[in-house]
Every structure is written in C-alpha cells, then in structure tokens.
Protein chains: 2
Amino acid sequence: MIPSQMLKGTLEGCVLAILRQEERYGYEISQNLECYGFGRIPEGTVYPLLLRLEKRGSITASFRASPEGPQRKYYALTDLGQKELTEFFRNYRELNRAVEQLIEMTGGYPHAQEDEAAFGGE
Amino acid sequence: MIPSQMLKGTLEGCVLAILRQEERYGYEISQNLECYGFGRIPEGTVYPLLLRLEKRGSITASFRASPEGPQRKYYALTDLGQKELTEFFRNYRELNRAVEQLIEMTGGYPHAQEDEAAFGGE
DNA sequence: CGCTGCTATCTTGCTTTGCAAGGTAGACGT
DNA sequence: ACGTCTACCTTGCAAAGCAAGATAGCAGCG
C-alpha cells in the first residue's frame with residue numbers, strides 16, 4: 001500500500017487530472033482512485049481536497065440528481081485548474097527525474113531478484 | 001521547484017538511498033539532494049529527518065573529525081534501514097504506476113508545445 | 001413502520017513532515 | 001576582533017491525509 005505521506009501533494013494533482021475530461025462527483029472520484037491503483041482513498045481525504053480546490057477556484061461545483069441516492073456534486077476544471085494541472089505534471093516529472101537520478105547514482109534499483117544473492121552484498 | 005508537499009514521504013526514502021553505499025553526514029546530504037535535482041533542501045528538513053531515522057533504528061551515527069570545521073556526524077544504513085529502503089522502492093514504483101495509469105486513462109500527458117505555451121515565461 | 005444497507009456529502013481532531021527562523025560552535029583568513 | 005564557511009541542533013508553524021463520526025436520501029424486507 002502506498003503510504004499516506006507519499007500521497008501528499010500528489011493526490012491533488014491526480015484529482016485535477018481525473019476532472020480533466022469529464023465532470024465527476026466526490027464519491028465517484030474516491031472509487032476511481034482505487035481503480036487506478038492508489039489504494040483506498042477515504043472520503044475524509046477526498047471531500048476536504050475538493051472543497052479546497054473549489055475555494056481556490058481550481059474547480060467549480062454543480063449539484064445534480066442521482067438515480068440512486070442523494071444529490072451528487074459534480075466538479076469541473078476551471079482555467080486555473082487546468083494551469084495547475086499542467087504545473088503538477090511538470091513538478092511530478094521533475095521529482096521523478098531527481099529520484100531516478102539519485103537511484104541511478106547510488107547503485108540503481110535492487111532488482112528484487114537474485115542479483116544481490118549472487119554477490120552477497122556490496 | 002518541487003513543492004514541499006510532494007516531497008513528503010519521498011525525502012526519507014531518498015536519504016536512505018543516499019546512504020546505501022557510503023556513509024555521509026547531514027550537511028553533505030543536504031547538498032547532495034540539491035545536486036540530484038531536488039532543489040534546496042534546508043537543514044531544518046534534513047537534520048530532523050536524520051534524527052528520526054536514527055531514533056527508529058534505520059541508521060546509525062558516528063562522529064568523526066572534519067579537515068575544515070567542526071565534527072561531522074556520519075550516518076550508515078542498518079539492516080532495518082535497508083529493508084525500509086527496499087520498501088520505499090516498492091511503494092514509489094506503485095505510486096508511479098498509479099499516476100501513469102491515471103494520466104494515460106484521462107488523456108495522456110499534455111503535449112510539449114502546450115506546456116511551453118502555458119508556461120512560457122517563468 | 002422500523003431496520004438495514006447503499007449512496008452521497010461534510011466536519012472535527014489527530015498525526016506526520018517539510019521548512020523558516022534562530023541558536024551554538026569550530027576553523028581560518030584578514 | 002570580526003566575518004565566513006562549515007557543521008550541528010531546536011522550536012514552532014502550516015499543509016495535507018485520514019480515522020471517526022454526523023447527516024441524509026433512497027430502496028427492500030419483515
């Protein structure tokens with residue numbers, strides 16, 4: 001499971017990415033994230049995040065009826081949100097580059113196979 | 001610059017990775033991180049992190065003289081630290097997979113030209 | 001009708017962690 | 001003596017994920 005600390009800062013960009021093409025509502029987003037492989041992201045995480053984005057002006061909300069429950073609050077990206085998403089992509093890749101470079105300079109990935117067993121430690 | 005929130009949880013694993021092959025001291029680590037592309041990671045971040053790892057038993061410390069200043073506190077990975085490093089690698093790749101899949105399922109990375117257009121002068 | 005369960009939203013309070021700001025101190029040059 | 005670089009540490013703040021719980025609509029069952 002991905003540790004919660006490692007999700008900080010990343011989740012927000014991911015939610016922006018989810019909203020990039022179509023409107024979605026919070027409950028749906030929470031389920032989407034699990035499908036994408038983030039593990040269970042509880043509602044106590046998703047809803048405050050969405051409210052934060054809404055207050056900041058990154059997304060806008062509109063209530064619409066649901067066929068099977070209470071109203072849904074659909075969110076859509078604003079221009080600001082689109083820009084923040086682009087910046088998220090940039091930052092995320094910058095972090096990736098740094099981590100990859102660090103790993104490479106310090107001996108590469110452990111490879112998890114018999115590599116280490118063959119050498120017995122270095 | 002990489003936002004500080006996005007470093008959370010990642011920095012710790014990166015410091016473990018830096019210590020994987022050779023002992024290093026805090027001041028050095030702080031400078032290394034900048035070289036690897038993480039931006040300036042201030043000492044108010046690095047030292048508490050190292051003390052945390054030491055208390056937890058992930059690393060051990062030993063003072064040694066410096067040719068050009070006060071004593072240096074060199075840190076080395078323990079077995080526990082090695083295990084945590086391996087787990088960090090696993091978690092980091094799991095997060096990467098999730099983000100990459102999410103990005104792909106929502107339309108892929110924006111094209112480089114759009115990137116440049118959106119953030120031409122920064 | 002009450003009960004259970006799914007859908008759907010929000011809030012409170014806790015915890016972790018990066019960081020700004022500041023403090024201490026050794027070594028060295030001017 | 002003073003400034004600067006090296007090198008360590010601490011205090012207190014802010015951001016964000018999350019557990020736990022509150023609220024409420026809707027549907028089926030006994």
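In chain B, S2(B) and S3(B) are connected by a hairpin of two residues. The model is predicted, so local features require pLDDT of at least 70 and side-chain atom pairs count only at pLDDT 80 or more, whereas totals for chains, interfaces and linings use all residues. Residues are numbered from 1 along each chain as its sequence is written, chains are lettered from A and ligands numbered from 1 in the order in which they are written, and side-chain values use heavy atoms, with hydrogens and water left out.

Helices (H or I, at least four residues) and strands (E, at least two) are DSSP runs, numbered from the N terminus, and two strands pair if DSSP finds at least two bridges between them. Strand S2 (residues 59–66) of chain B is joined to S3(B) by seven bridges, and the two run antiparallel. Within this pair, Ser66(B) lies opposite Gly69(B) of S3(B).

In chain A, an open sheet is formed by three strands in the order S1-S3-S2, with antiparallel pairing. Strand S1 (24–25) and strand S2 (59–66) of chain A are the edge strands, each pairing on one side only. S2(A) and strand S3 (residues 69–77) of chain A run antiparallel and are joined by seven bridges; Thr60(A) is opposite Ala76(A) in S3(A). Helix H4 (residues 43–56) of chain A packs on the sheet and touches S2 and S3 of chain A, its direction making about 50° with that of S3(A). Contact is defined as heavy atoms within 4.5 Å; axes are lines fitted to C-alpha atoms, for helices over the stretch in contact, and angles run from 0 to 180 degrees between N-to-C directions.

Chain A can be superposed on chain B with an RMSD of 0.1 Å by a turn of 180° and a shift of 0.0 Å along the axis. The two copies are thus related as by a two-fold rotation axis. Superposition is by least squares on the C-alpha atoms of residues with pLDDT of at least 70 in both copies. Among the residues of chain A, Lys8(A) comes closest to the rotation axis, its C-alpha being at 3.2 Å. The copies meet through the same surface, because 91% of the interface residues of chain A are also interface residues in chain B. Tyr109(A) is located in the loop between helix H5 (79–105) and helix H6 (115–119) of chain A. Apart from neighbours within four places in sequence, Tyr109(A) contacts Glu100(A), Ile103(A), Phe89(B), Tyr92(B) and Arg93(B).

Sugar and phosphate make up 72% of the atoms of DNA strand D that come within 4 Å of the protein. For polar contacts to DNA (pairs of N or O atoms within 3.5 Å), a polar side-chain atom of Arg72(B) lies 2.3 Å from a phosphate oxygen of DNA strand D. An N or O atom in the side chain of Glu43(B) is 3.1 Å from a base nitrogen of DNA strand D.

Around DNA strand C there are 30 residues, of which Tyr27(A), Arg72(A), Lys73(A), Lys8(B) and Gly44(B) come nearest. A side-chain N or O atom of Tyr47(A) is 2.6 Å from a phosphate oxygen of DNA strand C, and a polar side-chain atom of Glu43(A) lies 3.4 Å from a base oxygen of DNA strand C.

Methods:
A residue is near a molecule or strand if one of its heavy atoms lies within 4 Å of it. A polar contact is a pair of N or O atoms within 3.5 Å; within protein, one must be able to donate a hydrogen and the other to accept it, and residues adjacent in sequence count only if both atoms are side-chain atoms.
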